[in-house]
Amino acid sequence: SLVPHDARTIRYPDPSIKVNDTIKVSIEDSKILDHIKFEVGNLAMTTGGFNQGRVGMISHREKHPGGYDILHLKDARGHSFATRINNVFVLGHHDTPSVKLPARNGIRLNIEEERQERIRKSS
């Protein structure tokens, strides 16, 4: 059986679903509609750490036995960032998200860009 984040149990899941994969579930009958593999090349969002809220493509995974595995991602602007594997949630196949992305599509602005945006909004 499979136990997602909301603690319900899904019986007889697809055997190709592994740890850290994302599943899309029908709320009415708790059936799995789709699943997205946790692999290099898929779109993911960081849910914790310094890079929380950023969206990018998984570029590679560093395995550290006895420690935290590190995942490297690259956003739409080409900026790379890294975070612990526990802070990452897969959103879609390749560059196509399965859900609506947050403001600015998960791209973090630098200090100067944030300032310019605030000035533009205030005037």
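Two strands count as paired if DSSP finds at least two bridges between them, and strands themselves are DSSP runs of E with at least two residues, numbered from the N terminus. On that basis, β5 and strand β6 (residues 80-84) run antiparallel, joined by 5 bridges. Keep in mind that this is a predicted model: local features need pLDDT of at least 70, side-chain atom pairs count only at pLDDT 80 or more, and totals for chains, interfaces and linings use all residues. Residues are numbered from 1 along each chain as its sequence is written, and side-chain values use heavy atoms, with hydrogens and water left out.

**Strand pairing**
- H72 has A82 in β6 as its bridge partner.
- The β5/β6 hairpin has 5 residues between its strands, and G78 in that turn has a positive phi of about 95 degrees.
- β5 also runs antiparallel to strand β4 (residues 55-62), again through 5 bridges, and R61 is bridged to L71 of β5.

**Nonpolar cores**
- A nonpolar core here is a set of buried (under 20% relative accessible area, 1.4 Å probe, protein chains only) Ala, Val, Leu, Ile, Met, Phe, Trp, Tyr and Cys residues joined through side-chain atoms within 4.5 Å.
- The largest one has 10 residues, among them I36, F38, I58, L71, L73 and V90.
- β5 (70-74) and β7 (88-93) each supply at least two residues of this core.
- A second, separate core has 5 residues, including L43, V55, L91 and L101.

- Skipping residues up to four places away in sequence, I58 touches (heavy atoms within 4.5 Å) A44, L71, L73 and V90, among others.
- L2 sits in the segment before β1 (22-25), and beyond its neighbours within four places its contacts include I10, P13, I17 and I32.

Key
Buried < 20%, exposed > 50% of the residue type's maximum accessible area, 1.4 Å probe, protein only. Helix = DSSP H or I, 4+ residues; strand = E, 2+ residues; numbered from the N terminus.
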